[in-house]
Amino acid sequence: MVVKSAIKNIQSVINHINILIDQKAYQEMTSDICQLFLYAKQSHDPEALTAAHFYLGYQEYELNHYESSIHALQIAIEVSETHQLEDYIIRSHNMMGALYAKQSDYYSSLEHYLRVFYICKDHPKSKYKASIFNNLGSLFYELQDYEFALDYYEQAYSVCMIDLNQAENSKPIILLNIIETLTCMEKYDEVMRRYQEDEAMLLE
């Protein structure tokens, strides 16, 4: 009964953290993250420990504290891989990829993104496929390799269109990335075609 109560409490804390993330209230995550660490210590639950480090890494990333973010995410990756917590393996590597890309360490970023890519490839129903394709597109966009960037953006968009398991609000973001990349490639006719076909989605 105590274990079930703890699991319920952990999930409610995570749900509240995700609400704060949607509100971009990153500073306010601290109390909830401390609760996760407390639950993890009391229950010796590897998933709670992984969640605590993942969300700490997320918070530190958004607050531009990159070194502490890397440290927290490395622990999240280590614990999640040891206990085969696939959801957190994917999310932690994905966050590390974004973190290294933000610091222009594209080799390290690609290493983490590709780890997620191959996990998603082995699990076709993964809800993170669109996200990782989009992130790979953004990485190659930063490298000004627009052909590769466009290919990954298009794959991300296709996944969103056929798989309802993907995040609905990611479609407009990916479409904007496609249009921006086409603009950089000076494919203006294609830009207009895509904009006209998907205007309603862009205005959401």
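**Close-up 1. The lining of the largest pocket, where α7 (129-142) gives the most, with eight residues.** This is a predicted model, in which local features need pLDDT of at least 70 and side-chain atom pairs count only at pLDDT 80 or more, while totals for chains, interfaces and linings use all residues. Residues are numbered from 1 along each chain as its sequence is written, and side-chain values use heavy atoms, with hydrogens and water left out. Helices here are DSSP runs of H or I with at least four residues, numbered from the N terminus. At least two lining residues each also come from α1 (2-22), α3, α5 (86-102) and α9 (170-184). The lining comprises 38 residues, and Tyr58, Asn94, Ser131, Asn135 and Ile173 are the ones nearest the centre of the pocket. The pocket has a volume of about 1600 Å³. A pocket is an open set of points on a 1 Å grid over the protein atoms alone, where a 1.4 Å probe fits, with protein on both sides within 12 Å along at least five of seven lines; lining residues have an atom within 4 Å of a point. Its volume is the space filled by probe spheres set on the points, which are joined across faces, edges and corners. Sorted by class, the lining holds 18 nonpolar, twelve polar and eight charged residues. Here Ala, Val, Leu, Ile, Met, Phe, Trp, Tyr, Cys and Pro count as nonpolar, Asp, Glu, Lys and Arg as charged, and the others, Gly among them, as polar.

**Close-up 2. The second largest pocket, with about 200 Å³ of space.** Look for Ile10, Gln11, Ile14, Glu47 and Tyr88, which lie nearest its centre among twelve lining residues. Helices α1, α3 and α5 each supply at least two residues of this lining, with α1 giving the most, five. Seven of the lining residues are nonpolar, two polar and three charged.

**Close-up 3. Helix α3 (residues 46-62) packed on helix α4 (residues 66-82).** Their axes are 8 Å apart at an angle of about 155°, the axes being lines fitted to C-alpha atoms over the stretch in contact and the angles running from 0 to 180 degrees between N-to-C directions. The two helices are therefore roughly antiparallel, a label for angles over 145 degrees. Among the residues making the contact are Pro46, Leu49, His53 and Phe54 of α3 and Tyr66, Ala72, Leu73 and Val79 of α4; contact means heavy atoms within 4.5 Å. The contact residues divide into eleven nonpolar, six polar and one charged.

**Close-up 4. Helix α2 (residues 30-43) against α3.** The two axes come within 8 Å and cross at roughly 155°, so α2 is roughly antiparallel to α3. From α2, the contact is made by Thr30, Ile33, Leu36, Phe37 and Ala40, and the α3 side includes Ala48, Leu49, Ala52, Tyr55 and Gln59. This contact has ten nonpolar residues, three polar ones and no charged ones.

**Close-up 5. Helices α3 and α5, whose axes come within 11 Å.** Here the axes cross at roughly 20°, which means that α3 is roughly parallel to α5, the label for angles under 35 degrees. On the α3 side, Glu47, Thr50, Ala51, Phe54, Tyr55, Tyr58 and Tyr61 make the contact, and their partners on α5 include Tyr88, Arg91, Met95, Leu99 and Lys102. By class, nine of the contact residues are nonpolar, two polar and three charged.

Definitions and conventions:
Parallel < 35°, antiparallel > 145°, perpendicular 65-115°, else oblique.
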